[in-house]
Amino acid sequence: MYREKLKTFLILALVAAIIPAAVYRYSVARDPYAREIPVFTYHRICPDEEYASFSREKDLWTKTSDFEKEMRWLHCHGYRTVSIDELYRWHQGRLDLPKKTVAITFDDGYYSVIRYALPIMEKYHIKGTMFVIGNMVTEHQDTEDPMAYVSRDTIRELRRTCPELEFQSHSYGLHHDSNRNAVIYRTEYPGILRDFRRQEKVLGKGVDVIAYPYGYRTEGFEKAARKSGYRMAFLYSQQRGVRRSDSLFSLPRIGVRGDVDPDVAFFRWLGDDQ
Ligand SMILES: [Zn+2]
C-alpha cells in the first residue's frame, strides 16, 4: 500500500515538473526571438555643458554624450531599432524580430531632440518616434529656446527628408494647461474625441498611434482612441518591455531618466553582452 502511494506521488511529482517545462518549451518554439521588446522614452536632449543649468525636471533632460553612448552601443552590438509599425506587426504575430530589438521614442515633441539627438540617430542608423503635443506645435521653428517645441515647418520638412523619425500623437491639448497642470485627469470622452479631431489638423490624417499624456490611461481616453482610428496607445514608465500578451492600448515603456547613470537608466534593460 505504502509503495503504491509512493509510486503515485512520484508520478505526480514528475508530471508537475514536466508540464511547466513543456509549456515553456512550447512558447519558446512559437516565438524563438524576443519575448519582450524594450520601448525607451526620452524627453529633451541638451549639450553636456548646459545640463547643470537646468534646475527643474532634471530627469527629463538627457545629456547628448549619454544619448550618443546609448545609441552607439546599440549600433555596435547589432541591435535593430524598429518603427512603431514593425512593433505592431510583431505584436500581432505577423513579423519575427531578432532578440536584439528595441524601439526609441520621444515624448512631448521638443525641438532639442531634432537638434541634438537626430544627428546621432542618423549616424548610427537608429529609428525613432516622436509623440507630439499638438497645441504646443508652433508655426515657425524657435531654435534658441532649449524648451522649444517642434514647429509645423520642422515636422513637414522632416517627414519629407527623414523617414526614420516618425511623428505620432500625444494628444492635442490634454497634456498640460498654462499652469502646467495635467488636463487628461479632468477631460471626459466627448472632450477627448474633440481633442483628437483638433490634433488631426496639426499632424494630418496618417497618425494612428498615441501616447497617453503623462502615461495616464483612462477608459474614456482609450475608448476615444479606438473610436478615432488609433491602433496602439502607450503608457509611460512601467519599466519593462512590450509583450505580445499586452493590450495594444496599454503598451508599457521604459522611461530613460537623464539624472541617473546610463548603466542604470538604460543598459540594464538590455542583454548581457554589454
Ligand atoms: Zn508627455
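## How α3 and α5 cross

Helix α3 passes helix α5 in a right-handed crossing. By class, six nonpolar, one polar and two charged residues make up the contact of α3 with α5. Keep in mind as you look around that this is a predicted model.

What angle do the two axes make? The axes of α3 (residues 64-76) and α5 (residues 111-123) cross at roughly 20 degrees, and they come within 10 Å. That angle makes α3 roughly parallel to α5, because anything under 35 degrees counts that way.

## Who touches whom

Now zoom in on the residues. On the α3 side you'll find T64, F67, E68 and M71. They meet Y116, A117, I120, M121 and K123 of α5.

A search of the whole structure turns up 14 aromatic pairs. Take W73 and F267: their rings sit 5.5 Å apart, centre to centre, with 70 degrees between the planes, so the pair is edge-to-face, as angles over 60 degrees are. W73 belongs to helix α3, while F267 lies in the segment after α9 (262-265), so this pair ties together parts that are 194 residues apart in sequence.

Are these two residues buried or exposed? W73 has 11% relative accessibility, so it counts as buried. F267 has 3% relative accessibility, so F267 counts as buried too.

Ring pairs link F40, W73, Y79, F266 and F267 into a cluster.

How values were computed. Residues are numbered from 1 along each chain as its sequence is written. This is a predicted model: local features need pLDDT of at least 70, side-chain atom pairs count only at pLDDT 80 or more; totals for chains, interfaces and linings use all residues. Side-chain values use heavy atoms; hydrogens and water are left out. Axes are lines fitted to C-alpha atoms, for helices over the stretch in contact, and angles run from 0 to 180 degrees between N-to-C directions. Helices (H or I, at least four residues) and strands (E, at least two) are DSSP runs, numbered from the N terminus. Angles under 35 degrees count as roughly parallel, over 145 as roughly antiparallel, 65 to 115 as roughly perpendicular and the rest as oblique. A crossing is left-handed if the near helix is turned anticlockwise from the far one by less than a right angle, and right-handed if clockwise. Contact means heavy atoms within 4.5 Å. Ala, Val, Leu, Ile, Met, Phe, Trp, Tyr, Cys and Pro count as nonpolar, Asp, Glu, Lys and Arg as charged, and the others, Gly among them, as polar. Rings of Phe, Tyr and Trp (its six-membered ring) pair if their centres lie within 6.5 Å; planes under 30 degrees apart count as stacked, over 60 as edge-to-face and the rest as tilted. Buried means under 20% relative accessible area, exposed over 50%, partly exposed in between (1.4 Å probe, protein chains only).
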